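Open the model in your viewer and keep the selection tool at hand. The tour goes stop by stop.

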Amino acid sequence: MGKVGAKSVSTLFFAGEHREVAERTFDSPSPVYSLDEFPYVIGALVMLGRIEEAETAFTLKESLLSPAQQTASRFFLGVGFCRHSFYVKSRHYFALNAREWRTSDDLVSNFYRYQGLGFYHYFRGSMRKALRAAEKSFESALGAGFLYGRAFAADLKGHTLVLTGDVGRGMKTLELAEHLASQLGALWLQETIQSSLLSYRARFGLDKEETLEKLKKKISGLSKQDSYTQSMLLLNLTEEYLRRGRINDAKEILNECCRIVYSSQNRRHAAMLNLRYAYLHYLEGEPHLSLNLIRNALTQIDLSVDILLELRLRGFEKKLAQEMKLEVCVQKLGTHVTRLTQKVGEGIANRMAVREKTPETMPVRYGEDPIGDLMDLINRDRENAPDAILKNGYLGLLAEVLPVNRGERVLYLELEPGSLTIFDKGSVEHYPDTISKSLRNLLLELFKGTRTKEELIEGIWKYRYHSLRHDALIYSTVAKLRKVLAGRSHWIEASDAGYQLRSDVKVIAHSFKSSASPMHSAESSSPLLAEEDIPMSGLNHRQYSIIKYLVEHDFIDTNTCRTLFETSEITASRDLSELLKMGHLERVGKGRATRYARKQVSRSLQTNNERSLT
């Protein structure tokens with residue numbers, strides 16, 4: 001075998017030094033390489049995207065090559081044309097190899113034949129056929145002791161196992177492929193397999209805590225020459241952002257991906273790009289725009305080959321047609337999607353099809369696809385699904401189970417106690433332990449329309465409005481609400497008439513219990529207290545509310561004050577001590593049992609106790 005410098009052409013090719021292979025052979029004024037190494041020269045040109053040059057070089061040398069050398073060269077040409085969506089030429093080269101397999105007992109050549117068939121079936125979406133070919137490819141490479149072939153065959157087998165629904169075994173096979181690539185010294189192949197593993201972990205939710213950071217780190221570390229892997233990971237990162245309700249981040253990534261995809265002229269990735277844009281606009285409440293993008297994507301692919309991609313596009317087209325109540329389209333698409341699902345045999349598609357019919361009897365491997373498990377839960381138990389969605393952080397799925405229309409701006413109260421969930425044209429943000437009772441009631445009041453300060457005081461705190469006493473309370477509460485809303489503080493509008501929410505913003509309360517607190521249950525059934533009913537001199541608004549609370553209740557203590565006014569223990573103790581000094585309250589009990597009552601209540605209880613003792 002001829003040498004190129006210190007390393008052979010094959011060694012350079014396996015190591016991923018494809019540019020160096022081309023420079024020292026095909027692009028050199030005095031190339032030196034043997035015919036045995038010629039297939040790797042073809043492979044290097046293909047990996048660099050120079051497919052036409054590779055095909056021309058093969059045509060010129062074909063008559064000089066042995067059958068084994070021709071088989072290997074055709075394999076690389078078939079892969080190159082397939083990856084760039086030239087399926088007729090790809091099929092031609094793979095078919096030429098397939099015709100010769102019965103007349104050859106060369107295991108390396110059989111690897112190339114089976115690997116080519118498996119690769120083509122994989123791209124067509126015929127997963128069961130691809131898996132059978134991958135298994136034979138791996139067997140041939142193993143028998144030949146062909147490490148490069150074993151790594152490639154394990155890679156293909158792992159992908160097909162994952163996509164047919166055997167996620168656990170598929171991931172382990174891909175990890176084997178990564179190990180073999182490492183043993184081979186094929187860093188480029190190892191990195192490609194690592195990218196695939198990362199993509200699947202993101203797709204199935206297997207590593208949700210670190211997925212985003214790992215995807216971003218992987219993308220930043222990729223060679224700019226590897227546009228195929230780069231665009232694939234960007235599309236996966238976009239899907240993860242959309243699932244988490246981070247619309248603006250998804251848009252930013254899609255715009256970056258758009259530049260890469262269209263410069264590389266990869267039609268499959270262009271169609272997947274349109275699919276991501278379509279889903280983004282769907283979340284924003286623009287189904288007509290989404291439908292247009294899906295139908296445009298269908299014109300970008302070869303429907304005779306890109307069957308799996310067509311299935312994904314048609315499935316989403318059906319979902320859009322259902323939302324838009326296009327009954328005729330839904331019927332036709334339903335039949336077509338069912339046929340494609342049966343033909344492809346993809347695990348995710350099969351699971352979606354069964355989910356629509358009998359989710360309770362679905363034959364699936366629970367735990368291997370956590371996102372699929374979550375979608376099953378959403379489908380069969382919408383009441384408990386929000387808790388699972390929050391736990392997993394996939395906020396973009398909340399619109400599937402809550403009474404929120406896509407594209408709406410909604411302030412959703414207490415999805416969990418004290419939380420605020422903000423829906424903003426597809427974006428979803430969740431803030432636990434954020435909304436106090438007063439802020440919650442303020443939002444509910446503002447949702448009714450423009451509210452004057454008097455209406456706010458009477459509606460929220462049940463006081464008789466007095467500007468000197470209550471304006472500061474209103475201003476501070478509105479300021480707190482604006483702070484909670486942060487970048488959406490402008491949703492609270494002020495005018496001469498009072499305060500209101502923006503006209504396109506809704507407020508929805510998830511659940512309210514009438515027994516939420518003693519104060520609220522009392523206030524809901526009590527009329528407003530007039531100024532003369534409670535002595536006001538020198539009282540702050542909390543102290544006023546304490547006396548008001550004791551109109552309906554016998555006692556109050558420090559912990560109750562802390563709960564009612566969401567303040568510190570020190571502030572609650574100070575308020576009660578001052579009321580005690582003013583003569584409005586009396587202390588009952590000692591130590592931790594200390595409580596406070598209005599004087600007349602305390603005396604009445606003392607008299608009743610004395611009578612019972614007598």
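Rings of Phe, Tyr and Trp count as a pair if their centres lie within 6.5 Å. Across the whole structure, a search finds 31 aromatic pairs. Keep in mind that this is a predicted model.

**Stop 1: a stacked pair**

Select Tyr33 and Phe38. Their rings are stacked, 6.5 Å centre to centre, with 20° between the planes. Tyr33 is partly exposed, at 22% relative accessible area. Phe38 is buried, at 1%.

**Stop 2: an edge-to-face pair**

Now select Tyr112 and Phe146. The ring centres lie 6.1 Å apart and the planes meet at 65°, so this pair is edge-to-face. Where in the chain do Tyr112 and Phe146 sit? Tyr112 is in helix 7 (residues 107–124), and Phe146 is in the loop between helix 8 (127–144) and helix 9 (147–163). The pair links distant parts of the chain, 34 residues apart. Both Tyr112 and Phe146 are buried.

Ring pairs join Tyr112 and Phe146 into a cluster with Phe13, Phe14, Tyr40, Phe75, Phe76, Phe111, Tyr148, Phe152 and Trp188.

**Stop 3: Gln230**

Go to helix 13 (residues 227–243) and pick Gln230. Is Gln230 buried or exposed? Gln230 is buried, because its relative accessible area is 5%, and buried means under 20%. Leaving out residues up to four places away in sequence, Gln230 touches Leu222, Ser223, Lys224 and Ile260.

**Stop 4: helix 27**

Select residues 558–565, which form helix 27. Thr558, Thr560, Cys561, Leu564 and Phe565 are buried there. Look down the axis: the buried residues fall within an arc of 160°, so they line one face of helix 27.

Check both ends. At the start of helix 27, a side-chain oxygen of Asp557 comes to within 3.4 Å of the backbone nitrogen of Asn559. Just after helix 27, Glu566 has a positive phi of about 50°.

**Stop 5: a hairpin**

Move on to strand 7 (residues 585–588) and strand 8 (residues 595–598). The two strands pair in the antiparallel sense over four bridges. Arg587 stands opposite Tyr596 in strand 8. Six residues lie between the strands of this hairpin, and Gly589 takes a positive phi near 85°.

**Last stop: the whole protein**

Zoom out. The protein has 29 helices and eight strands. Of its 614 residues, 51% count as buried. The protein exposes about 29100 Å², and carbon and sulfur atoms supply 50% of that area. Among contacts with a separation of 6 or more, 56% join residues 24 or more positions apart.

Methods
Residues are numbered from 1 along each chain as its sequence is written. This is a predicted model: local features need pLDDT of at least 70, side-chain atom pairs count only at pLDDT 80 or more; totals for chains, interfaces and linings use all residues. Side-chain values use heavy atoms; hydrogens and water are left out. Buried means under 20% relative accessible area, exposed over 50%, partly exposed in between (1.4 Å probe, protein chains only). The arc is that of the directions from the helix axis to the C-beta atoms. A polar contact is a pair of N or O atoms within 3.5 Å; within protein, one must be able to donate a hydrogen and the other to accept it, and residues adjacent in sequence count only if both atoms are side-chain atoms. Contact means heavy atoms within 4.5 Å. Accessible areas come from the Shrake-Rupley method with a 1.4 Å probe; for residues, only the protein chains shown count as cover. Two strands pair if DSSP finds at least two bridges between them. Rings of Phe, Tyr and Trp (its six-membered ring) pair if their centres lie within 6.5 Å; planes under 30 degrees apart count as stacked, over 60 as edge-to-face and the rest as tilted.
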